[in-house]
Amino acid sequence: MAQAKGGPAFSLGDLQAGAKGLQQVEDAPKKAEGKGDDGSDAALGGLIEIWNNHGGDIEAIYAELGENPGKAIKYPPSGAEDFAQKYLDGKLTYDGDRAQAKG
């Protein structure tokens, strides 16, 4: 196709051919996954015990868990049960890729 003066240097066919080579992109980024098995009483009880052993000290709790305490510091849980449920739901943890990307 001859290029018109001031017009595009590609044709509609070029665009369509290039579009076929594009890969489908995910709609949304992955959310952090819960760390517990299924929110069972045993998992909740273990996390509540850790909370109580450390007197609710977020940094000490996360040091024992080997996790980044950033979300729990920013959005502190109201108590042991709130902490345990939110932790198991993944609301107080980072997924691995995002935590590494931030530092």
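Contact means heavy atoms within 4.5 Å. That term returns below.

## The model

This is a predicted model: local features need pLDDT of at least 70, side-chain atom pairs count only at pLDDT 80 or more, and totals for chains, interfaces and linings use all residues. Residues are numbered from 1 along each chain as its sequence is written, and side-chain values use heavy atoms, with hydrogens and water left out.

## The chain

The chain holds six helices and zero strands. Helices (H or I, at least four residues) and strands (E, at least two) are DSSP runs, numbered from the N terminus. Read from that end, the order is α-α-α-α-α-α.

The chain has 103 residues, and 21% of them count as buried. Buried means under 20% relative accessible area, exposed over 50%, and partly exposed in between (1.4 Å probe, protein chains only). Take the contacts between residues at least 6 apart in sequence: 53% of them join residues at least 24 apart.

## Helix H2

H2 covers residues 41–53. Its 13 residues should span 18 Å at 1.5 Å a residue, and its end C-alpha atoms are 18 Å apart, which agrees. The expected span is 1.5 Å times one less than the number of residues.

Leu 44, Leu 47, Ile 50 and Trp 51 are buried in H2. Seen down the helix axis, the buried residues fall within an arc of 125°, so they line one face of H2. The arc is that of the directions from the helix axis to the C-beta atoms. Cover for these buried residues includes helix H3 (58–65) and helix H5 (80–88). The face turned away from the buried side carries exposed residues: Asp 41, Ala 42, Asn 52 and Asn 53.

## Gly 55

Gly 55 follows H2, and its phi is positive, near 60°. Gly 55 sits in the loop between H2 and H3. Its relative accessibility is 68%, so Gly 55 counts as exposed. Ala 80 is 25 residues from Gly 55 in sequence, yet their C-alpha atoms are 9.2 Å apart in space.

## The surface

Phe 10 lies in the segment before helix H1 (12–20). Phe 10 has a relative accessible area of 44%, so this residue is partly exposed.
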